[in-house]
Amino acid sequence: MVALAQAEPAVLPGMAVSIAHVDHSFDLDGQVLPVLSDVTLDIQPGEFVALLGPSGCGKSTLLRLVAGLDTPKSGSIEADGLPIAGPDPSRVVVFQDPTLYPWRTVHDNVALGLQAQGLLKSHRHRIGEAISLVGLDGFAKAFPQQLSGGMAQRAALARALVNDPRLLILDEPLGKLDSITRISMQSELVALWQRSNFTTLLVTHDIEEALFMATRLVVFSGRPARIKADIAIERPYPRHRSDPYLTGLRHKAMELLGLAETW
Amino acid sequence: MAWLPVAFFLFPSSWSASVFLIALATGIPVAILTWSGVSSVPSSYYDIARTLGGSQRFLVLRVAIPAALPHVFVGLFMGLTSAFVVLVVAEMMGVKAGLGWYLQWAQGWAAYGNMYAALLVMAVVCSSLVTLLFKVRNHLLSWQKGLVRW
Ligand SMILES: Nc1ncnc2c1ncn2[C@@H]1O[C@H](COP(=O)(O)OP(=O)(O)OP(=O)(O)O)[C@@H](O)[C@H]1O
Ligand SMILES: [Mg+2]
């Protein structure tokens, strides 16, 4: 499992991301739908930032902007001090849907990034390493339709990790996993992040997951999303879910999301 | 079929007219289904390739074409069968050669045995072409095994 990080100690530091006064909106049927409102967020290299907010508030939209797939209506987003002009393989996204290509095997799906960048020859060994890292040994030749939902999600994670990203953008990557796999994948991801140096941006619906994994928790309001709170999670790893410090933060996050009465 | 008189009017020789008709009969379904296949590729497929550093060329060759291939084959099947029908009809109308022409000729002489033989040959030729196309498709789209296929 640890092969990937040990074989090639990451030399490149994580990416710094600076989001400043970003507004974004969509045109829906002639109407303007504001989605992001004055979002400002400075992310240091190597941070693990969790984004939490009500469904449909604009979290995935923000991730698309950071990935460079869309450009914000106003405001600026910089990666290492340079404006983001478009997608780049140093910023890899794991989308909410695994979106594997049905005509490619797991192996060839994971190879996609290396193939697109012309690195297939020199980096071929990484493919197998990434596949075993997510526990899909023996399924390299399987087609996506032969995988379970959780396995497909793990294949999508391998497809991202094989590129040795400096910023890993995760949009509810564990949302489709059963709770057992989910809990072990949370530890795996944290371990992977600690061994490599990449910066992580994680969207999740699960408060406990955010507190278990991240160094910082950003809570958004409902649409249009604005930042309601930015909380540092000052706890060493490995963490324990029953840690009273974390349960305290959990209570605080629930309050911010308007769920205090369920405590 | 409505194009038949137009085709014979536009093209002086019946040979070129039937070539035109067949091109029309195959080209249109193939073009329409290829187009609809390419435009039905989910945009998330392109997003994935773009974030992983795929060039424009990569998006076309490695994403759009393989994703649209099942549709292209539907177009090819429709094109093949309608080309065959058009060919036979064109032969009946003008071209002095081929099975359609033979069919007419045999009927004219009341040689019904020969006519049915010609029909049989036609059916065999058509179905073996379709089978060949099926083989090609099954090879190229082997990943669809286990998925719902028409
Ligand atoms: N391409 C688009 N065109 C129009 N509207 C869009 C588009 N993408 C997203 N939206 C709208 O923007 C809003 C925010 O969407 P987004 O996907 O960012 O939400 P989210 O916070 O990720 O929600 P969830 O947690 O449910 O995934 C939604 O109301 C959605 O309808
Ligand atoms: Mg989302």
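These legends walk through close-up views of a predicted model. Local features need pLDDT of at least 70 and side-chain atom pairs pLDDT 80 or more, while totals for chains, interfaces and linings use all residues. Residues are numbered from 1 along each chain as its sequence is written, chains are lettered from A and ligands numbered from 1 in the order in which they are written, and side-chain values use heavy atoms, without hydrogens and water.

**View 1. The magnesium ion (ligand 2) and its protein donors.** Look for A:S60 (OG) and A:Q96 (OE1), which lie 1.9 to 2.6 Å from the ion; donors are N, O and S atoms within 2.8 Å of the metal (3.2 Å for Na, K and Ca), and water is not among the atoms, so sites may look incomplete. A:S60 sits in helix 2 (residues 59-67) and A:Q96 in the loop between strand 6 (91-94) and helix 3 (106-110) of chain A, so the pair ties together parts 36 residues apart in sequence. Helices (H or I, at least four residues) and strands (E, at least two) are DSSP runs, numbered from the N terminus.

View 2. For A:H205, the corresponding side-chain distance is 3.0 Å. A polar backbone atom of A:G58 lies 2.9 Å from an oxygen atom of the ligand. A polar contact here is a pair of N or O atoms within 3.5 Å.

**View 3. The shell around ligand 1.** Helix 2 of chain A gives the most to this shell, with three residues.

Methods
Polar contact = N/O pair within 3.5 Å; in protein donor to acceptor, adjacent residues only side chain to side chain.
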